[in-house]
Amino acid sequence: MNYTLTQLPERTAKPRHSGLTMVMDKGLSLREVEDFLSTSAEYVDIVKLGWATSFVTPHLKEKLAIYREAGIPVYFGGTLFEAFIVRNQFEDYRKLLDQYSMQYAEVSDGSIDMNQDEKCEYIRQLATQVTVLSEVGSKDEAKIIPPYKWIQLMRAELEAGAWKVIGEAREGGTVGLFRSSGEVRQGLVEEILTQIPFESILWEAPQKEQQVWFVKLLGANVNVGNIAPHEVIPLETIRLGLRGDTFTHFLDK
Amino acid sequence: MNYTLTQLPERTAKPRHSGLTMVMDKGLSLREVEDFLSTSAEYVDIVKLGWATSFVTPHLKEKLAIYREAGIPVYFGGTLFEAFIVRNQFEDYRKLLDQYSMQYAEVSDGSIDMNQDEKCEYIRQLATQVTVLSEVGSKDEAKIIPPYKWIQLMRAELEAGAWKVIGEAREGGTVGLFRSSGEVRQGLVEEILTQIPFESILWEAPQKEQQVWFVKLLGANVNVGNIAPHEVIPLETIRLGLRGDTFTHFLDK
Amino acid sequence: MNYTLTQLPERTAKPRHSGLTMVMDKGLSLREVEDFLSTSAEYVDIVKLGWATSFVTPHLKEKLAIYREAGIPVYFGGTLFEAFIVRNQFEDYRKLLDQYSMQYAEVSDGSIDMNQDEKCEYIRQLATQVTVLSEVGSKDEAKIIPPYKWIQLMRAELEAGAWKVIGEAREGGTVGLFRSSGEVRQGLVEEILTQIPFESILWEAPQKEQQVWFVKLLGANVNVGNIAPHEVIPLETIRLGLRGDTFTHFLDK
């Protein structure tokens with residue numbers, strides 16, 4: 001840090017087990033990746049190439065190499081996994097992960113129907129090859145999953161071998177964990193936390209108000225994701241109580 | 001493409017007659033233009049220097065040279081044309097186009113009142129000098145043009161020599177084709193399409209939901225515009241059915 | 001300017017006493033600062049490193065050096081001042097300003113309670129060391145300060161030695177001068193202007209509609225702030241009547 005302030009919450013350091021920041025790269029150029037890492041590498045734990053953007057992104061190997069050089073793992077968005085599954089191309093997906101030397105992968109069912117057993121089987125199989133993040137929640141704002149079902153799914157997916165379970169929000173932050181207004185489904189989050197350890201969950205929270213809400217509820221070292229590259233520095237100040245929204249949260253009363 | 005997926009819609013390739021993507025550059029630096037082109041050149045057919053930003057943009061000649069080098073035509077936003085017209089400086093505008101070796105120009109009346117004959121006369125004159133895009137629709141959200149009038153204007157402007165007619169939306173996507181909420185005026189679009197060939201229309205659609213709506217209605221190869229530079233890669237996935245919003249649209253039933 | 005148009009409002013040039021543009025840098029990389037300055041240096045009068053982002057921003061000295069090289073003063077956001085004050089670290093803050101050779105500083109009380117005398121005392125002390133901007137208005141949207149109080153605070157702070165007083169809006173433009181919808185508190189602004197010279201006020205106006213509103217009320221050379229780096233070129237066109245929103249504002253009737 002550039003100077004000294006008292007009464008700051010303790011932040012975990014890399015490699016983090018909690019306090020993770022997952023960033024969504026939805027098509028950065030190579031130079032933009034470099035710029036992003038020059039300001040934020042220390043604060044970013046993992047990067048998702050959003051949904052299937054990797055399909056149309058030029059210089060994909062070079063991009064992966066830049067992240068690798070910086071020691072930041074990268075994975076393809078869950079929608080890409082689903083795009084292969086819906087086309088009966090799971091084996092092709094496994095080969096793709098190898099071809100690009102991916103160390104992480106996401107299993108999700110945000111855009112397709114998949115029963116729990118099938119999803120857990122994919123997690124189990126992929127977990128032999130990579131570290132798996134699995135995502136719960138639909139991208140369809142009309143599909144409301146009740147809390148007990150979120151809990152059951154998260155528990156089953158962690159047992160099947162998922163490293164973290166992700167709470168769905170999309171790039172915009174308007175589905176899954178959130179109402180279409182972006183407001184947090186507070187009761188849902190609180191009920192989940194009675195059953196699933198908070199370190200095991202990565203909450204997608206692209207909007208500032210959502211990040212603030214999670215930091216206030218769970219502290220500086222909550223895991224959050226779908227952070228835009230230019231929002232990592234601002235997020236770090238929210239975690240530390242150095243932005244208006246959380247300014248008094250960590251101060252001695 | 002970086003890997004192989006079945007059941008993708010066919011995308012047109014450059015030089016495209018349909019499936020065009022028009023991007024709005026509202027003041028990118030030279031290096032940002034390079035970054036943008038390094039990821040998106042293949043997917044961008046034409047770039048607009050938004051409204052009169054070219055007036056205050058430094059290094060304009062160098063910027064135009066970078067786009068030219070990449071084989072991507074550039075034009076000045078229609079508001080610049082109108083700024084010259086309202087000042088009785090049409091001849092100056094023609095000289096300006098020559099001075100910067102512009103190959104394309106836009107004729108619009110979004111901020112001024114101009115009758116149809118006058119507008120078509122400008123199209124006719126400029127069409128002897130450059131390729132003309134003409135824009136229909138007001139920037140004033142209080143001015144609602146009825147569908148039959150949109151059709152009449154579009155037809156007259158194409159006959160006067162416009163290469164494409166543009167449906168107005170502004171940078172934000174809240175006027176012209178759209179309600180102030182950003183919602184598409186669906187009946188308007190459908191009625192226009194009964195009379196004007198879809199290849200001849202370029203729909204301004206800066207918001208994701210608007211792009212999704214047009215791709216669902218008109219397919220992967222609809223012409224859309226006012227796309228922000230960082231949204232070209234995401235748009236390409238929407239066109240291909242590789243984002244949640246259009247995920248099932250192109251799949252075999 | 002790249003070409004000649006008649007009937008443009010006169011714009012002040014650097015060093016400006018009115019018509020100032022204050023930009024918020026909330027974590028740009030060094031190269032992004034260079035890019036930003038390459039397009040906008042001429043139009044930017046002062047840069048704020050938003051709230052306490054300077055705490056977590058790498059390469060801070062290098063960043064300050066780039067702005068200094070371009071002749072653009074930089075200051076730390078008021079929330080950083082408040083973070084030191086609330087921790088009883090005012091002397092540390094003064095040392096920090098020296099350590100980074102800061103020429104400007106902000107005094108604010110957007111996130112803490114501070115009485116007027118105390119605030120003016122800080123302004124008086126810091127004014128012996130740097131040029132002071134002081135900010136009026138709360139970041140808490142529930143705290144509505146009545147107009148007479150804004151005027152009293154602004155007058156007292158200018159008398160205490162503030163160079164400019166800033167009207168609070170946050171990064172989003174939804175508190176202080178604005179309703180939570182972003183709409184300007186018009187009566188407030190007009191009443192302030194009956195008592196405080198308009199050159200002495202810098203209005204935070206991050207949203208386009210807010211910038212348009214101030215330009216229409218106060219002309220091309222109104223002081224505005226919290227402008228995002230990529231919005232400086234668009235703002236300049238708004239000032240000059242070269243964007244739809246102010247297109248007819250400066251034309252001879």
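A salt bridge here is a side-chain nitrogen of Lys or Arg within 4 Å of a carboxyl oxygen of Asp or Glu. By that rule, the interface of chain A and chain C holds five salt bridges, and the count between chain A and chain B is five salt bridges.

A few notes on reading this: the model is predicted, so local features need pLDDT of at least 70 and side-chain atom pairs count only at pLDDT 80 or more, while totals for chains, interfaces and linings use all residues. Residues are numbered from 1 along each chain as its sequence is written, chains are lettered from A in the order in which they are written, and side-chain values use heavy atoms, without hydrogens and water.

Let's take chain B's partner surface. Contact (heavy atoms within 4.5 Å) involves 32 residues from chain A and 29 residues from chain B. About 2800 Å² is buried between chain A and chain B, with 57% from carbon and sulfur atoms; buried area is the accessible area (1.4 Å probe) that two parts lose on being put together, summed over both. On the chain A side, A:Phe55, A:Val56 and A:Arg87 lose the most area, together 29% of what that side buries.

Now for chain C. There, 29 residues of chain A touch 32 residues of chain C, and about 2800 Å² is buried between them. A:Asn2, A:Tyr3 and A:Phe247 supply 27% of the area that chain A buries there, more than any other three residues.
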